[in-house]
Amino acid sequence: MHKLNATYEKQAVAPENLHHFIATMKEQGYVGCNVTIPHKEMAISSIDLPDDRVKKIGALNTIFFHNGKSCGTSTDGEGFFQNLLSQVADIDLHDKSVVVLGAGGAARAIVDKLLEESPKAIHVINRSVNRAQQIQTDFGETVKAGDFQSLKSLLPTADLFVNATSMGMTGQEPLEVALELLPKTAVVADIVYVPLKTSLIQNAETLGLRTVPGLGMLLHQAVRGFELWFGIRPKVTIELYDLVAQDIDPGYRS
Ligand code: NAP
């Protein structure tokens with residue numbers, strides 16, 4: 001479609017080789033890369049220029065080159081938000097209450113992005129409460145840290161509920177949330193995309209709530225990286241969604 005002579009490949013890089021891999025990427029012919037677990041934090045010290053978002057979040061997922069320097073950014077927050085808008089076009093989070101489950105790298109990126117929408121509060125709920133408290137310290141008073149027990153009192157006033165943990169992913173612990181406590185107008189988003197429709201999303205649909213499954217975030221977060229590598233801003237189309245969805249679940253039909 002864009003007539004690029006390029007490939008996108010998976011490279012397993014051991015932690016002890018990460019610095020060397022990044023330092024020699026350009027001479028190996030790479031225009032950039034995505035970075036995933038467990039390198040998202042460590043890669044920062046191997047690049048020349050982390051952007052402000054990376055410094056704030058403490059993690060990157062995209063490396064590119066500019067004026068001969070290796071640069072890093074995080075596109076997860078933008079990917080989450082664009083996916084949210086693609087499913088709930090009229091969502092307005094100004095002065096609204098958000099509950100984010102999880103306090104890992106993805107949760108930090110999502111909180112950073114959602115704060116731009118001036119919500120009343122973002123409640124970050126995590127098993128290890130100290131990680132949620134760290135987000136509160138790093139991002140300011142709109143963020144309120146809590147534990148799983150506090151969900152019961154928070155859900156009845158939440159406008160947006162986000163699962164940003166790995167719970168509910170195939171092979172991980174199941175996620176059970178009392179979604180019936182949410183207002184009927186609430187939106188439920190899951191960033192887990194294997195399975196394509198998690199039980200959280202299924203349960204929310206059964207309750208008639210608006211839902212945002214996670215695969216769209218993966219596609220939308222890739223847009224900025226592609227643009228930084230090739231100077232072309234691709235569109236996330238239904239055809240692209242179907243192609244990736246079928247790769248994850250061959251039984252998938254749009
Ligand atoms: P991470 O930094 O390792 O954080 C994992 C989070 O999940 C932590 O908050 C952790 O809690 C929580 N968690 C894991 N197992 C748990 C359990 N059994 N009970 C309670 N909490 C549990 O990972 P991440 O990078 O933030 O990614 C989180 C998930 O999002 C992954 O499944 C990843 O595949 C997915 N993701 C999706 C996209 C997308 O494009 N859709 C993008 C990025 C990430 P503790 O702090 O207590 O350990």
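The second largest pocket of this predicted model has 17 lining residues, with Gln87, Pro213, Gly216, Tyr241 and Tyr252 nearest its centre. Local features require pLDDT of at least 70 and side-chain atom pairs pLDDT 80 or more, whereas totals for chains, interfaces and linings use all residues. Residues are numbered from 1 along each chain as its sequence is written, and side-chain values use heavy atoms, without hydrogens and water.

**Second largest pocket**
- A pocket is an open set of points on a 1 Å grid over the protein atoms alone, where a 1.4 Å probe fits, with protein on both sides within 12 Å along at least five of seven lines; lining residues have an atom within 4 Å of a point.
- The volume of the second largest pocket is about 360 Å³, taken as the space filled by probe spheres set on the points.
- Two or more lining residues come from each of α3 (76-87), α8 (215-230) and α9 (238-248); helices are DSSP runs of H or I with at least four residues, and strands are E runs with at least two.
- The lining consists of six nonpolar, eight polar and three charged residues, where Asp, Glu, Lys and Arg count as charged, Ala, Val, Leu, Ile, Met, Phe, Trp, Tyr, Cys and Pro as nonpolar, and the others, Gly among them, as polar.

**Aromatic pairs**
- The structure contains five aromatic pairs, defined by ring centres within 6.5 Å (six-membered ring for Trp), with planes under 30 degrees apart called stacked, over 60 edge-to-face and the rest tilted.
- Tryptophan 229 and phenylalanine 230 form an edge-to-face pair, because their ring centres are 6.4 Å apart and their planes lie at 85 degrees.
- Tryptophan 229 is buried at 13% relative accessible area, while phenylalanine 230 is partly exposed at 27%; buried means under 20%, exposed over 50% and partly exposed in between (1.4 Å probe, protein chains only).
- The pair of tyrosine 241 and tyrosine 252 is tilted, because the centres are 6.1 Å apart and the planes at 55 degrees.
- Tyrosine 241 belongs to helix α9 and tyrosine 252 to the segment after α9, so this pair ties together parts eleven residues apart in sequence.
- Tyrosine 241 is partly exposed at 22% relative accessibility, and tyrosine 252 is buried at 17%.
- One aromatic cluster is formed by Tyr8, Phe226, Trp229 and Phe230.

**Strand β5**
- Five of the five residues in β5 (residues 97-101) are buried.
- β5 pairs in parallel with β6 (residues 121-125) over five bridges, pairing needing at least two DSSP bridges.
- Four bridges join β5 to the parallel strand β8 (residues 160-163), where valine 100 stands opposite valine 162.
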